[in-house]
Structure formats: C-alpha cells, structure tokens
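Dear colleague,

I am pleased to hand over the structure below for your study. Please keep it open while you read the notes that follow.

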Amino acid sequence: MKHYHKLFMIAAMMLAASCGEDVVYELPDGDKYSHLYMPQAVDCPSTSRLFMINEEQTLHCSAFYSGYDAPREINVKFEIRPELVAQYNEANNTSYEAMPEGSWKMEETSALIPKGGCTTELLDITINTFGHIEPFTEYMLPVVMTSEDIRISEELSTLYYVISAAYEPGNVPSTVVSEEIGDALEIFSFNDRCLIARNSEGMVFRYGYDPETRTFGSPLTLHSDWNTSLVKMLAKGPGNSIQVCNMYDTWISYEWSEDATPPVPEYAGYKSVITGGTWVFKNIVPNCPSGLLAVMAADNSLNLYKLSSDGHALSGTAATTGFNYGQYTQLFYYGNDLLAIDNNGNLWQHTAKSDGSFSSNPIQVGSGWEDFTHVIPFGTDLLARTKDGKLHRYDFDLRGFWALK
C-alpha cells in the first residue's frame, strides 16, 4: 500500500510541474523511430494531368519529418533525375518517356525543416507542355530527395511524376471530314472502310472513306425502302454482316462485301435468322466487338449476347449488366469499353471487366459533346455529326480529357 501511495505522490508532483511550464520529453535515440520522406511519393507513380497551353504549369514537391517535432534543423535537397526513367521502366515493365530537356525547370532545389517543425515549404517544378511534349503521351519526371542531417525513407525518397497533357478546354482540334451527312436514324462504321447511314425515309447510304485524305465522299444509295415499318433497327454485325431487327421483332443477318460496295442483298436476301419470335429491346449498342451483340433492355440494363463465329446466330444465354444506361443520350463501344454521353454533354467511360461486363462507376473523360446528333467510333478516331450535317473527326485518345467547350 505504501508503494502505491509513493507512486501517486510522484505522479501528482509531475502533474503540478506540468501546469506551471511546458514539459518536453525526448525519447532516447528518437532518431531511430523517425525519418524523412516525400509525401507526394506515397502514390507511386504520381499522375498529373496538364493542358497543352503556351503557359507555365506548376507541380510541387516537399519533405516531411515523421517524428513529432524535428529535434534540430534539417537541410533537404531535391534533384530532378531524368536518367532514372529507364531504370523504372525496366523494373516495372512500363514504357514512360523521359520529360525532354527544356520542358521542366526547378529554380529552388534546397529547403529547410526548422527545429520543432515537421515539413519544408512546397518547392515549385515548372512544366512547359506546348512545343515540348506530345499530347496524351505519358512522360515521367523523377525527383530525388537527399539529406545529410537525418535518416531518409528509401521507399519514399523518390517522387515519380507521370505527366500527360490534354488539349485546353474549348481548343480541342478537329477536322471537318464531310459536309454531306444528312439526318439519320443510325450512322456506323463498316469495317472502318466506309460509313453506313439510314434516314427516316428508309434510305440507306454508303459514304466511302479516303485513307489518304481521311475524308468521306458523297453518299451512294444502297437501299431506298428500309423504313422503320420494315426495318426497326439497323446495326453492324461481326465480320461483313449487317444485322436488322424487322417488323416482327425478329433479328436477321445479311452478308455484305468487305467495304459494303453495291450490290448488297435486298430485304428478302438475308442469310440467317439470329433469333426468331418476339425479341423486344430498346436499342442496340453500336460498334460491338466482334462476336458480341449488346442490347439495351426495357429496364435500361444491357444484355450481352455471344454470337457464333460467323456472326449469324446467338451462342448461349445473355449476361446482364445492371446499370441505368438509359440516363445517356448516346452509348457506344470504344474498343472493349463503353463510352456514353449524358444530357449535359459530359462524356463518360465505363471500363470493361474481364467477364465482359462494365464498371458501374464511370469515369468522366470529356465535356461539351451535347451539340452532336451522332458520335461514331471510326478506328481510334471519334466522328461527330453536327445538326447542319458536318462531320468532325477527333484524333481521340482515352488518356486525355476532351473538353470541347
């Protein structure tokens, strides 16, 4: 009992002393439990999206002391080391390019953590994109931190910035590749050799593509009577096939030539019935990958059907992707992913999963797309038709943000 009474008295005396003045307790050998690191290096690599503008843009770096307070002044140095990009690529199986000379500068390379502090000030790294780097190419800029005053975290002593640049909002370049695309129910690429378009009067047109000029020619009539009372929906199928949902809600398939040059089969000349009976859905998703048919169901989910190797028959039951795709005004495949445009003109990406379904957490990859009646993938480009019939080509790349306004 006397032992506990003595401990209580000692504790009371210590508390009384602390009320009168600050008590600083230094852990013996405290440096063993503290170190210096770069907080920006926690994300490795650290991604930075910039714009292609003729102005300087700024990144930052700093150092942080992991102890409670720095026991003394800590001098820190920073150095940009482009030669480390090759080592990083080899170790991580990546292919980043080093930021070219002249595209970056770092005027202040030294900083100080004062005694009792825990961090340096932010140091600026100035980046010049316009005239120095290519848009959408991923570049790497390694920044190495050193200090002779305290132990450094080896894992967090190098900051790897991955830098890519998109076009400035409202200054996204495009090229007019046709001025003759009339009003259409559907417009789609046929093997990236031409465009197929059908209007409300049942006229089906072919717009030939010139790969040298990357433009489209005048329309050539393929059908004149494929109106909606006969053909409810028209879409590109696998290979050289064209798929039609007819008046009976039966999905049938036609075989065309590789570049859709005439003559093409008449309505009665279909090759096979993909599915018979009543097969009701809202619409088909354009630009489906080969061997796949994606349709939007009545509840705005997607039903994904596998097709036979020749694309003329269903193979197996549908897989359903449960997401409200009806919120979009346009929806189409871009590679294996889905791109979608909402009522506000925002462009969204639903990334593909390994089972062929899609992420239910879309990523915004653009804005200002609301003025186009149709957006069509053509190779890796996006073609966009305005209400006046002009067709614009965008050299599209998902690594950038496409803000048209």
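A residue is called buried when its relative accessible area is under 20%, exposed when that area is over 50%, and partly exposed in between. Please note that this is a predicted model.

With a relative accessible area of 13%, N89 is therefore buried. N89 sits in helix α2, which covers residues 84-92. Apart from its neighbours within four places in sequence, N89 is in contact with T94, S95 and Y96.

The cut-offs also apply to two cysteines. C245 has a relative accessibility of 2% and so counts as buried, whereas C44, at 48%, is partly exposed. A disulfide is a covalent bond between the sulfur atoms of two cysteines. The count of disulfides in this model is zero.

I turn next to empty space. Rolling a probe the size of a water molecule over the atoms shows where such space is left. The largest pocket holds about 1,000 Å³. Its lining is formed by 49 residues, of which I284, V285, P286, N287 and L331 are the closest to the centre of the pocket.

Which strand gives the most to the lining of the largest pocket? It is β25, with seven residues. Strands that each supply at least two residues of this lining include β13 (186-190), β17 (231-236) and β29 (372-378). By residue type, the lining of the largest pocket divides into 25 nonpolar, 18 polar and six charged residues.

Yours sincerely,
A colleague

Note on methods
Residues are numbered from 1 along each chain as its sequence is written. This is a predicted model: local features need pLDDT of at least 70, side-chain atom pairs count only at pLDDT 80 or more; totals for chains, interfaces and linings use all residues. Side-chain values use heavy atoms; hydrogens and water are left out. A disulfide is a pair of cysteine sulfur atoms within 2.5 Å. Buried means under 20% relative accessible area, exposed over 50%, partly exposed in between (1.4 Å probe, protein chains only). On a 1 Å grid over the protein atoms alone, a cavity is a set of points where a 1.4 Å probe fits but cannot get out, and a pocket is an open set with protein on both sides within 12 Å along at least five of seven lines; lining residues have an atom within 4 Å of a point. Grid points are joined across faces, edges and corners, and a volume is the space filled by probe spheres set on the points. Helices (H or I, at least four residues) and strands (E, at least two) are DSSP runs, numbered from the N terminus. Ala, Val, Leu, Ile, Met, Phe, Trp, Tyr, Cys and Pro count as nonpolar, Asp, Glu, Lys and Arg as charged, and the others, Gly among them, as polar. Contact means heavy atoms within 4.5 Å.
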